[in-house]
Amino acid sequence: MSHRWKNDLTERDVTPEGAWISRRGLIAGGAALGLAGLAPRAEAAAEDLEPNSWEEITTYNNFYEFGTDKKDPARRAGQMTVSPWSIRIDGMVDRPADYAFEDILARMTMEERIYRFRCVEAWSRVVPWNGFELADLLDMAGVQPGAKYVAFETYLNREEMPGTRFPVLDWPYVEGLRLDEAMHPLTIMATGIYGRDLPNQSGAPLRLVVPWKYGFKSIKSVVRITLTEEEPPTSWNKANPREYGFYSNVNPEVDHPRWSQATERRIGGGLFSARQPTLMFNGYADEVALLYAGMDLTKFF
Ligand code: MTE
């Protein structure tokens, strides 16, 4: 399966990963990285980031619909039907509709974003995503003035998703953002990694990526986006409200009730590699801290 998009960089499809990484220096300095509209600091920070390998990104996953073992998604998600695909955008929007995935791609500006990714379980990696800003998709649907939140829902097919036979979570997987978080330029809908279509285990054909929040906010294989006035329910908060809040911003100073969030284990670093310090807002504080000005981040965790 191959999805084509407006600014398709065809050569990407055949560029080996190693060559792609070495070209990164050229890309990182400029607008091609897709951070053109942001503070220079964001570009500087992005330049330091050495992406994990395709293998590391796509064989150690959380996608509980396919099981709770890190290897289950790569093993089983191949059976998920990802074409045709459409996304229902509804609620407080001017143009509610079922939008075909191809039609969305044709209208969005595709970019590359090299982001840190920090799971609430205290592992992390760096991922070179391809995708578009969620704000552009929401603009396409026309957000109405009263809307305050954005709710997301994952595809659910119990035949294809053996993990949903167990009540680990209340299926379908749902997530949510405040509207200003959703409209933030760092928030993207990813459709690829290393210029290739997302493999199913990574949330094909498109998934949310919110780099300053714990990974579970980055909901996979999205089929519905609803604009609401009320804070929407989220899967992990429903499962365990004491451990998982609505905001879930990466915060080294607020520990998970069962483990420290001060450090993280970088995937691919080797079994004996030192843990590295976790950064406030996962390193994106300059860009997003203002969204939470005046909020008690221990209360709104
Ligand atoms: N989305 C769905 N639908 N189901 C899931 O189980 N797991 C979340 C998030 N999105 C999950 C999901 C968690 S806990 C993490 S850490 C990331 O996906 C993992 O993304 P990755 O496997 O692409 O690294």
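N251 touches Y214, Q261, M280 and L297, leaving aside residues up to four places away in sequence; contact here means heavy atoms within 4.5 Å. You'll find N251 in the loop between α8 (235-239) and β11 (263-266). Helices (H or I, at least four residues) and strands (E, at least two) are DSSP runs, numbered from the N terminus. With a relative accessible area of 6%, N251 is buried. Buried means under 20% relative accessible area, exposed means over 50%, and partly exposed is in between, using a 1.4 Å probe and protein chains only. N251 also sits 9.2 Å from T298, C-alpha to C-alpha, though 47 residues separate the two in sequence.

A quick word on the model: it is predicted, so local features need pLDDT of at least 70 and side-chain atom pairs count only at pLDDT 80 or more, while totals for chains, interfaces and linings use all residues. Residues are numbered from 1 along each chain as its sequence is written, and side-chain values use heavy atoms, with hydrogens and water left out.

**The sheet**

Now for the strands. Five of them form an open sheet in the order β2-β1-β10-β5-β6, with mixed pairing. Two strands pair if DSSP finds at least two bridges between them. At the edges are β2 (97-100) and β6 (174-178), each pairing on one side only. On average, neighbouring strands are turned by 20° against each other, direction ignored. For angles between N-to-C directions, which run from 0 to 180 degrees, axes are lines fitted to C-alpha atoms, for helices over the stretch in contact.

Strand β1 (residues 86-91) runs parallel to β10 (residues 222-228), and four bridges join the pair. β5 is antiparallel to both of its partners here: five bridges join it to β6, and six join it to β10.

| Residue | Bridge partner in β10 |
|---|---|
| R88 | R224 |
| G91 | L227 |
| A151 | T226 |
| E153 | R224 |

How many residues of β10 are buried? Six of the seven are, so this strand is largely enclosed by the rest of the structure. β5 is largely enclosed too, because five of its six residues are buried.

Six of the eight residues in α6 are buried, leaving the helix mostly covered. The buried ones are L134, A135, L137, L138, M140 and A141.

**The ligand**

There's a ligand as well, surrounded by 17 residues, and the closest are N61, Y64, E65, R125 and K220. A residue counts as near a molecule or strand if one of its heavy atoms lies within 4 Å of it.

Some of those side chains come with distances. K220 has a side-chain N or O atom 2.7 Å from an oxygen atom of the ligand. In N61, a polar side-chain atom lies 2.8 Å from a ligand oxygen atom. For E65, a side-chain N or O atom is 2.8 Å from a nitrogen atom of the ligand. Taken alone, the ligand exposes 530 Å², and the protein buries 97% of that. Accessible areas come from the Shrake-Rupley method with a 1.4 Å probe; for residues, only the protein chains shown count as cover.

Notes
A polar contact is a pair of N or O atoms within 3.5 Å; within protein, one must be able to donate a hydrogen and the other to accept it, and residues adjacent in sequence count only if both atoms are side-chain atoms.
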